Amino acid sequence: MALTGVLRAGFVQIRVLEMDEALAHYVGHIGLELVDKADDGRVYLKGYDEFDRHSIVLREADAPGVDVMAFKVARDSDLDGFEKRIVDFGLEVDTVAAGEQPGLGRRIGFTLVTGHRIELYAEAERSDNGPFIENPDIWRDDPRGMRALGFDHCLLYGPNVAEVTRFFTEVLDFNLVEKVQTPDGPIAVWLTSSTKSHEVAFVEHPEPGKFHHVSFALESWNDVGHAADIISRYDISRDVGPTRHGITRGQTIYFFDPSGNRNEVFSGGYSYFPDHPTRVWTPDQLGKGIFYYEKELNDRFLGVVT
Amino acid sequence: MSAEFSITVEDSGERFTCPDGERVLIAMEKQGLRHIPIGCRGGGCGTCRVRVLSGTYRTRKMSRAHVSEADERAGIVLACRLIPESDLALRLAGGGEGV
């Protein structure tokens, strides 16, 4: 197996203000599958093209934002190896028992210098509603709404992006795919553990633990346009797009869930391999880096977070 | 009951109308106006935080990270979750960046 250690962004647990509205959005409009409503009130969702039981967890709360983002690792023994390296780096590690989220094995968790809780886990129950594996048709049921394939990545806002980059690259063996570099250091970084252009990204921000967006993969630029039609038809709160990023080259549209958490649906983006160099943007070209067509930054996109 | 209410933003003296049952920020944006900064439109980001100086209203659930219970008693609300029940006078109350 060439891909070892951290495989990919596995799940994210997001806080919402009102669950019924959130489900109408994430299931009805984005097109995720409702997996389970648990007794503790959390609701588990997945994209139709994902094998694991769930990838999105919604929790009703008094303030929106992100509780935890988790990465799936290849083997249970990887958790022990990473735990030692994380502790050696200087972070405290705690454990979450198997079954705390239904269908998941044990997790280890820690808080980044940016204020975000991150967890690692190895075991996840296979969904009984995932992609076919024998003579596989392309889907089981007609994809709904924006036809999201599944959870792709998150962008998180918090302080000390330089140190969080060092942690992800030195401790979790991620690669730095792309960055915005100032004379004082990086202010935005795109990090991957796989061949995707990013599994997680960070932007420098004074307030810790903030959530910029959760992103869902779509199959094509046509599907980004279809998502834009849905956003207008159902008066979903649109932020930016459809457009394209210079950074990662993804084709994208940004919008907000009914609690104000930003969502992205996107397609494309280049493939990354570990022998590739890090691509660098300078602040004077940042407009083009973020929105390749508009070439200008947008205060709401940069400043509005939950 | 009136079919629409008059909303005055005291900072600029600007005035616009809000249909009965509509949220103030959404009514404003539909008229192409930007008197109050626009963020997530979902009660989450705090960009459109305002203080209601006069009038009666109701709100939908707002992020406690931006409107505490004490704030709420003092008339602080998020305009994207604010539904007027009379004419309202507002003042901007330290929201964030927005457009």
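This is a predicted model: local features need pLDDT of at least 70, side-chain atom pairs count only at pLDDT 80 or more; totals for chains, interfaces and linings use all residues.
The domain assignment divides chain A into domain 1, spanning residues 6–121, and domain 2, spanning residues 150–303. An open sheet of eight strands is present in chain A, and its order is β2-β3-β4-β1-β5-β8-β7-β6. Pairing within this sheet is mixed. Its edges are formed by β2 (33–37) and β6 (94–96) of chain A, each of which pairs on one side only. On average, and with direction ignored, neighbouring strands of the sheet are turned by 25 degrees against each other.

Helix α1 of chain A (residues 19–29) lies across β1 (6–16), β2, β3 and β4 (56–60) of chain A. The angle between α1(A) and β4(A) is about 160 degrees. Helix α2 of chain A (residues 76–89) lies across β5 (65–73), β7 (107–111) and β8 (117–121) of chain A. In this case the helix runs at about 20 degrees to β7(A).

Helix α3 of chain A comprises residues 161–170, and its buried residues are V161(A), V164(A), F167(A) and F168(A). Viewed down the axis of α3(A), these buried residues fall within an arc of 120 degrees and therefore line one face of the helix. The partners against which the buried residues of α3(A) pack are α2, β11 (185–192) and β12 (200–204) of chain A.

Between the two domains of chain A, the centres, taken over C-alpha atoms, are separated by 19 Å. The contact involves 36 residues from domain 1 of chain A and 35 residues from domain 2 of chain A. On the side of domain 1 that touches domain 2, at least two residues are supplied by each of β1, α1, β5 and α2 of chain A. The most is given by β1(A), with eight residues. By class, this side of domain 1 has 21 nonpolar, eight polar and seven charged residues.

How values were computed:
Residues are numbered from 1 along each chain as its sequence is written. Chains are lettered from A and ligands numbered from 1 in the order in which they are written. Two strands pair if DSSP finds at least two bridges between them. Helices (H or I, at least four residues) and strands (E, at least two) are DSSP runs, numbered from the N terminus. Axes are lines fitted to C-alpha atoms, for helices over the stretch in contact, and angles run from 0 to 180 degrees between N-to-C directions. Two residues are in contact if their C-beta atoms, placed from the backbone, lie within 7 Å. A residue is buried if 20 or more other C-beta atoms lie within 10 Å of its own, exposed if 12 or fewer, and partly exposed in between; C-beta atoms are placed from the backbone. The arc is that of the directions from the helix axis to the C-beta atoms. Domain bounds come from an automatic or database domain assignment. Ala, Val, Leu, Ile, Met, Phe, Trp, Tyr, Cys and Pro count as nonpolar, Asp, Glu, Lys and Arg as charged, and the others, Gly among them, as polar.
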